[in-house]
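Hi,

Here's the structure I said I'd pass on. Have a look at it, then read my notes below.

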Amino acid sequence: MGNCFSDVEGGKQAVGGTQQRPNSIAASNNNNGGHNDAVEFFFRSRGIQPLFTQIELSLSASNLLDRDITSKSDPMAVVYAKKRDGKLEELGRTEVVLNSLNPAWIEKVTVAFQFEIVQPLVFHVYDVDSKYHNVPVKMLKLNDQEFLGEATCVLSEIVTKQTRSLTLNLNNKNGHTSLRNLGTLTIHAEETVSSRICVEMVVHCSHLDNKDLFSKSDPFLRISRIVESGGSVPICKTEVVKDNLNPIWKPLCLSIQQFGSKDNPLIIECFDFNSSGNHVLIGKLQKSVADLEKLHIERSGANLTFPSPHHGHVKILKGQLFVDQFCEKQQYSFLDYISSGFELNFMVAIDFTASNGNPRNPDSLHYIDPFGQLNSYQRAIMEVGEVIQFYDSDRRFPAWGFGGRTIDGTTSHCFNLNGSTGAFEVEGVEGIMAAYARALHNVALAGPTLFGPVINRAAQIAGQSISYNRTKYFVLLIITDGVITDLQETKDALVRASDLPLSILIVGVGGADFREMEVLDADNGRRLESSTGRVATRDIVQFVPMRELHSGQISVVQALLEELPGQFLTYMRSRDIKPGPLHAASTSA
Amino acid sequence: MASTFLRTLEITVISGEDLRNDRRPIKKNAFAVVRTDSYNSRRTDMDTDGGSYPKWNQKLVVDMSMHAQFITLEVQCKTSLGDKTVGTARIPVSDFVGGYVPESYLHFLSYRLRDHKGERNGIVNISVRVKVPEYASCSRTELGIPLGMGVALGQRNFGGGIVTGVPVLCNYPGKY
């Protein structure tokens, strides 16, 4: 999953930036809608949070309790994020509105939206005593205030609504419903408006210095953002152009989340690629996005510089950078699509091969613990299902098993988990869990491990749905304990499905050696090839072996989910499918 | 009047990757030829500076017989000795016709190119859309008449004349 660039081909791929259309003008297999393993790892390892979508929450309330005797309550709201251990972390507070039981607070609270985790939010409303009215809101001690009510929800509940607003009843602390009516709280979520701007440019360099002995330099560019601490953080790198001192690179697309603002200085470094990993600096320059736009308009070049051995001096090189194309555009974000009615439809396929072990045996991967501890299959279903369920309007999920012998005696590689012959859907994540537990009683584990039939079935559903509407994107989760026996058929099925609105997440459970499976997840840049000579249109597969959960860490399964918004956006953008107008009519709420 | 025995394809030849001539990356002047049968072929312009990763982004409209099973795409390179075929891909028609998606779906496809020795030589990226004849692509509710009946439609101009009742294969979504 983490691109270490120890393989040369992978190392030469462009990284970071924002994905545009695959197989068209800006084609690169490793760009992922702004999320990229190497760049994210770089951020996290330096303690800097990666850039994700910022959401502003606006709050209002109605029918609040009247706590004051001579006038009405003076309410203020506080927003918390609930951590995995149950502790509350304050995200922000509104201002105090005087004398109102139906306040509409102006002060917004910002929260970072992360697709891959469930983000529970807790809201507390307080009546601020008049003696504190001149104290800055930040300094107010909440214990000294009158508590008016609490509400909880999950962030994705709000952003997936068409109106992006959610109204909740206020309760007592800890969720106990009050005997009295405590009123309601309405939360409205907005992406910060500027988060949609992105800049697409084509740059080339001329007269670069030759750093290679027997041939010419193999240049690539790395663009970094300067951070407050003085250091720089890379946001993108181009592909490597071999053997060329006047290289033109494929178009770069940078989103405003990456460069901050058009006036933020960016460092552009030009390196000579070496397969050893020791890339040699050819030259660099410092320009903001606005400067680059100026270079484009004036059709002039900017000279690269090289740090000189003399302290403080730089050597101005003959090499120059030109901006051939510069275009500012609005890119619709993932949430733009979601709130206009687009959906992620979840499908799951579970491995019923004999290698899992007899389910009655506590060592079996399919053992259902009577005390409630979830097995690996159940954990994977929960972790993925819990996040995606908010994006699926009817919560009806196709669920299959493969590699098992059903009641009629035949081994099937795609049987309905709920045991029925016709209906393949179950209701909710609970429905998947229940069907799974029941199937363990009715289905005998058999084999071999074949993915082809399940992938073809999912592709059929995805393909057929296109005739009805273009707003559904499908996510198939395959949970398996073993290495597949039909690698070529699986590749064929994946290549055939690669042009459909479908992403496939494969989770490997148990201790098998999954290295062969990693070839399906084309992170190294090598596109999958079918037996008929067709090459995959895009990389739709993520594979990860599941490990034991350690408390506090992000689970690897959730790291899989991070890639989904990018894959969804790639598909939509490549076909110019735009989000509908806000509040577009939709039959499902 | 569109013939019943031909389909019209809109093929956009987008780009090529890692094209080589005798193992060495080609320098320039690559172009692509799409051939549906011995009578129907179209070619793109040359990419004069694209090297071994040429970008054409050129739409070719070509007819294809209903019975065709393959179309071929050749990437050639103009050299001082003439046009040299760099690689060929044989594209099964079933990759963009039939299947579960609607007939007018825009398919983004990529193929492995093989040279005259049968060895791999790069990848070509294309998009294909089967052009559905106008009168077949309108929904029933728009036209208000059932398909397959030879009736002149007052407002629409199909090049003059009455449509004679020639059956046309077309794909309707399952529900309206």
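**Where chain B meets chain A**

Between chain B and chain A, the rule picks out 13 residue pairs in polar contact, both residues at pLDDT 80 or more. A polar contact here is a pair of N or O atoms within 3.5 Å; within protein, one must be able to donate a hydrogen and the other to accept it, and residues adjacent in sequence count only if both atoms are side-chain atoms.

On chain B's side, β1 (6–17), β6 (55–65), β9 (107–114) and β10 (120–131) each bring at least two residues to the side that touches chain A. β9(B) gives the most, with 7 residues. (Strands are DSSP runs of E, at least two residues, numbered from the N terminus.)

β9(B) also pairs with strand β27 (residues 534–535) of chain A, antiparallel, over 2 bridges; pairing needs at least two DSSP bridges between the strands. There, Arg534(A) stands opposite Tyr111(B).

The rule also finds 3 salt bridges across the interface, meaning a side-chain nitrogen of Lys or Arg within 4 Å of a carboxyl oxygen of Asp or Glu. Glu17(B) and Arg527(A) form a salt bridge, at 3.0 Å from N to O.

Before you dig in: this is a predicted model, where local features need pLDDT of at least 70, side-chain atom pairs count only at pLDDT 80 or more, and totals for chains, interfaces and linings use all residues. Residues are numbered from 1 along each chain as its sequence is written, chains are lettered from A and ligands numbered from 1 in the order written, and side-chain values use heavy atoms, leaving out hydrogens and water.

Cheers

Methods. Helix = DSSP H or I, 4+ residues; strand = E, 2+ residues; numbered from the N terminus.
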